[in-house]
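Please consult the sequence and the model shown below while reading.

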Amino acid sequence: MMNLPKKFLLLLAGAAVVLAGCGSVGRTENIFTVLEQTESSGEVDPGGKTGAAGGASSAGAASPVYLHLVHSSSENSAIDRTADRFRDLVEEYSQGNIKVEVFANDSMGYIYDYPEALREGTVDAWIGSGTKIAQAVSWLPTIRGLSLEQVKAVLADSRVQEAYSAEAENGGYRIMAAFPLQYRVLTANIPVSTVEDLRKLKMRCYAEQSGETAYWGALGVPTAVYDVHQLYSALQQHLVTAQANTLPVIVSTQIYNQQRYVIETKHMVYQDMLCVSSNFYRSLTPEQQGILDRAARELGDFSEEVYSAEIVRSQRILENAGLRTISADEQLISDMRRIGGPAAERELRKIYGDEKIDLVMNAPVS
């Protein structure tokens, strides 16, 4: 029996009722492989799955510590496999005295509630987008015109790293590991090669306070806000006609079934981070803390491998589904930065403050 926080018992019971009728992919199967095999039949619906992966009980463990790790991606995605790897390492190094239970697909709550849940201690760990500074960094391709490699250089700057850590600690959690950067790409029902083409779209934004509404508004693109769990229906009902996400999210949510084109605009990046509640971390012995630290450090090569493989699979699935990929030319990318960049920066300064934006704007890139 899993040692679940009492606060979540009713939540999970309700989720079980909702999910009972949903199709699911077993944890021994890779969702991207299954999608490749069954794309033409339309049989797979990976949305709404829940799962908890706990290691087998250690015979000598009298009273194990339980760590509940949550994330918003589907089971067997790169994030989920990385979470499982963290679980396996922690349980191996602790000889089963620390049990990690992984909950995929927001089955323990709601994506935007997790930072507060970490502070309150209702979840112990989360893989997500992390700090407010991370949200500012995600816009660096637009507001500074940086490449993916240059954004990595900003993230390697010691002052930026210190700011990440300080903001996380003030928020009640610790950043244990950061995973590969990825570009967000635009998907739409029409081909896009100019700003005029963009204005024919109705763009989904993931949050009001994200910089997105200001950015797309400056470009003359109508917007509407829907979270990732509402997005498929919004596209299906033509409430929006376009959206931007990483390739794996586009595939795992099957929103590509409602789109015809993938446009590589290089206007935003995204990075997942493993965050652990500060209260939970401090409740551990120094030896147990060392085990979590070691496991987190060792996720680097593994996450690089599974994230890279997932992008390749995603590209193949989208191609097999008939979507056409368009690499935005330099003129469109330049126009998007010139028109949308100042509006995005003004909004980011309003949301996150000048200090955070100045920090990432002035960080060296070489």
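This is a predicted model: local features need pLDDT of at least 70, side-chain atom pairs count only at pLDDT 80 or more; totals for chains, interfaces and linings use all residues.

Pro222 belongs to the loop that joins helix 10 (212-218) to strand 9 (223-225).

Leaving aside residues up to four places away in sequence, Pro222 touches Arg199, Leu201, Lys202 and Met203. For one of these, Met203, the separation from Pro222 is 19 residues in sequence, while the C-alpha to C-alpha separation in space is 6.1 Å.

## The two sides of helix 7

Helix 7 spans residues 148-156, and its buried residues are Leu148, Val151, Val154 and Leu155. These residues lie on the same side of helix 7 because they cover an arc of only 110 degrees around the axis. Glu149 and Ala156 are exposed residues on the face of helix 7 that is turned away from the buried side.

Which elements are included in what covers the buried residues of helix 7? Among them are the helices 5 (132-137), 6 (140-143), 8 (158-170) and 17 (354-362). Strand 6 (182-183) and strand 12 (269-270) also belong to this cover.

The structure contains zero disulfides. Cys205 counts as buried, because its relative accessibility is 0%, under the limit of 20%. Cys275 is likewise buried, with a relative accessible area of 0%.

Conventions:
Residues are numbered from 1 along each chain as its sequence is written. Side-chain values use heavy atoms; hydrogens and water are left out. Buried means under 20% relative accessible area, exposed over 50%, partly exposed in between (1.4 Å probe, protein chains only). Helices (H or I, at least four residues) and strands (E, at least two) are DSSP runs, numbered from the N terminus. The arc is that of the directions from the helix axis to the C-beta atoms. Contact means heavy atoms within 4.5 Å. A disulfide is a pair of cysteine sulfur atoms within 2.5 Å.
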